[in-house]
Amino acid sequence: MTSSTVAQLLKQTTLQEVEVKGWVRTFRANRFIALNDGSTINNIQCVVDFENTDETLLKRITTGAAVHIKGDLIESQGQGQNVEIAVTSIEILGDSDADSYPIQPKKHSFEFLRDNAHLRTRTNTFSAVMRLRSSLSFAIHKYFNENGFYYMHTPIITGSDAEGAGEMFRVSTLDQKNPPLTETGEIDHSQNFFGKDTNLTVSGQLEAETYAMSLGKVYTFGPTFRAENSNTSRHLSEFWMIEPEVAFMDLAGNMDLAEDFMKSVISYVLEHNMDDLAFLDKRLTDEEKTKPQAQRSELSLIEKLKFVTENNFKRVSYTEAIDILRNSKPNKKKKFNYLINEWGADLQSEHERFLVEKHFKCPVILFDYPANIKAFYMRLNEDGKTVRAMDILFPGIGEIVGGSQREERLEVLKEKMAVLDIPEEELWWYLDLRKYGTAVHSGFGLGFERLVMFATGMSNIRDVIPYPRTPQNAEF
């Protein structure tokens with residue numbers, strides 16, 4: 001007989017002999033096993049005939065133990081599920097020390113579970129989060145595959161800094177205690193493994209642009225790294241980025257693509273992960289009740305997701321957004337932590353959420369940002385002050401997607417690099433794209449963990465990635 005998953009058994013209507021393998025969540029009254037195998041948020045109840053079961057075996061059925069159960073699938077006598085298993089045989093595949101097992105059937109803090117990240121997916125919250133993470137990942141690949149994109153693996157080790165931020169992890173094989181030095185006393189990177197100073201990538205965008213200018217439509221979905229010493233609930237040192245790049249597409253087309261993409265992947269989990277979403281929705285609702293009234297979200301988790309899929313995204317220029325914010329009640333009454341006084345201000349999450357949740361009451365795409373607060377590769381507008389950048393703003397989170405039409409004019413790009421002291425020799429290959437068949441092209445970036453946070457309602461980015469990498473923390 002083939003072993004079934006718990007998810008399969010809970011959907012079955014045919015009452016028959018079955019077998020299942022999983023981990024014991026609880027064992028009550030020497031009779032009722034709540035069994036879960038990770039295939040669903042729901043447990044299946046397995047009823048043991050304790051009078052005819054060896055007492056030694058019963059003592060080994062503890063929380064966390066791995067078991068193989070055979071029995072008859074019957075109509076459930078209790079509430080909460082339609083079927084249960086009348087156990088005919090049970091085999092202990094792996095014992096669990098009941099006294100030391102960390103994941104007991106009680107409420108644990110997220111801090112405690114981060115310390116036990118190797119076991120935290122045995123809780124309902126984290127199993128739901130990681131199933132949603134998996135579904136979102138599949139939905140992303142599905143969307144791009146169905147829309148004619150080619151999947152590209154960009155380098156993890158790079159000699160360029162795509163963002164110009166300089167906060168990168170160095171990759172080196174030189175002796176740290178006694179590195180070779182040049183005549184001027186600087187580290188001689190020519191003797192390093194790659195013959196130059198190299199780092200872990202912060203973005204695959206620049207390399208993706210090179211492929212878009214030959215294959216037309218490409219996307220990356222891979223790990224990226226930031227050596228930013230930031231210990232906040234929104235920052236990781238290692239995270240995943242989705243970055244599509246499309247040739248012959250302008251800013252308007254980029255906004256169309258990003259909106260359609262976001263609606264598609266969120267619609268996918270609404271269709272395929274409703275059990276997990278319903279559980280996380282209730283968890284978030286209960287959490288919101290503990291907050292002061294003024295800090296509570298007006299939308300439940302599922303309402304936030306439908307807010308995205310069921311509304312057209314409002315497109316607003318940065319200049320218009322500044323006028324709205326400057327004249328808003330929170331700004332005039334000094335309720336914003338960062339007051340908006342003049343054009344050119346870098347918008348904060350509180351401003352972005354005000355535009356989405358209070359003013360427009362729909363997702364917002366801001367475009368045409370000041371050039372001096374955006375990256376060098378963004379296409380300069382004719383006014384000489386703004387660039388063809390765009391950010392998508394969502395409820396509860398603010399910016400979730402950032403993108404732009406890329407600067408396709410060689411001389412303009414050179415001038416921008418010179419102003420920012422970016423050496424042409426470091427990006428000679430990037431400049432070549434503008435010399436050999438240049439064309440309008442655009443793309444955007446989406447931090448995957450930011451998307452998972454939005455889709456799950458989790459408030460800390462460390463709780464939506466299997467093993468978070470943050471300053472002073474590289475456990476597991």
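## Exercises on packing in a predicted model

Leaving aside neighbours within four places in sequence, S237 is in contact (heavy atoms within 4.5 Å) with F169, T224, F225, R226, R469, T470 and P471. The model is predicted, so that local features need pLDDT of at least 70 and side-chain atom pairs count only at pLDDT 80 or more, while totals for chains, interfaces and linings use all residues. Residues are numbered from 1 along each chain as its sequence is written, and side-chain values use heavy atoms, with hydrogens and water left out.

**Exercise 1.** Locate S237 and state whether S237 is buried or exposed.

*Solution.* Step 1: S237 belongs to the loop between β10 and β11; helices (H or I, at least four residues) and strands (E, at least two) are DSSP runs, numbered from the N terminus. Step 2: the relative accessible area of S237 is 9%. Step 3: buried means under 20% relative accessible area, exposed over 50%, and partly exposed in between (1.4 Å probe, protein chains only). S237 is therefore buried.

**Exercise 2.** Classify the ring pair F221 and W240, and describe its setting.

*Solution.* Step 1: rings of Phe, Tyr and Trp (its six-membered ring) pair if their centres lie within 6.5 Å; planes under 30 degrees apart count as stacked, over 60 as edge-to-face and the rest as tilted. The count by this rule is 21 aromatic pairs. Step 2: the ring centres of F221 and W240 are 6.1 Å apart and the planes stand at 90°, so the pair is edge-to-face. Step 3: F221 is in strand β10 (residues 217-225) and W240 in strand β11 (residues 238-247), so the pair ties together parts 19 residues apart in sequence. Step 4: F221 is buried at 6% relative accessibility, whereas W240 is partly exposed at 31%.

**Exercise 3.** Determine how α6 and α8 pack, and which residues make the contact.

*Solution.* Step 1: axes are lines fitted to C-alpha atoms, for helices over the stretch in contact, and angles run from 0 to 180 degrees between N-to-C directions. Helix α6 (residues 251-272) and α8 pack at about 140°, with axes 9 Å apart. Step 2: angles under 35 degrees count as roughly parallel, over 145 as roughly antiparallel, 65 to 115 as roughly perpendicular and the rest as oblique. Helices α6 and α8 are therefore oblique to each other. Step 3: K263, I266, S267 and L270 of α6 meet I302, L305, K306, V308 and T309 of α8 in this contact.

**Exercise 4.** Explain why α8 is described as largely enclosed by the rest of the structure.

*Solution.* Step 1: the buried residues of α8 are L301, I302, K304, L305, F307, V308 and T309. Step 2: seven of the nine residues of α8 are buried, so this helix is largely enclosed by the rest of the structure. Step 3: the elements covering these buried residues include α6, α7 (274-289), α11 (349-360), β14 and α14 (448-456).
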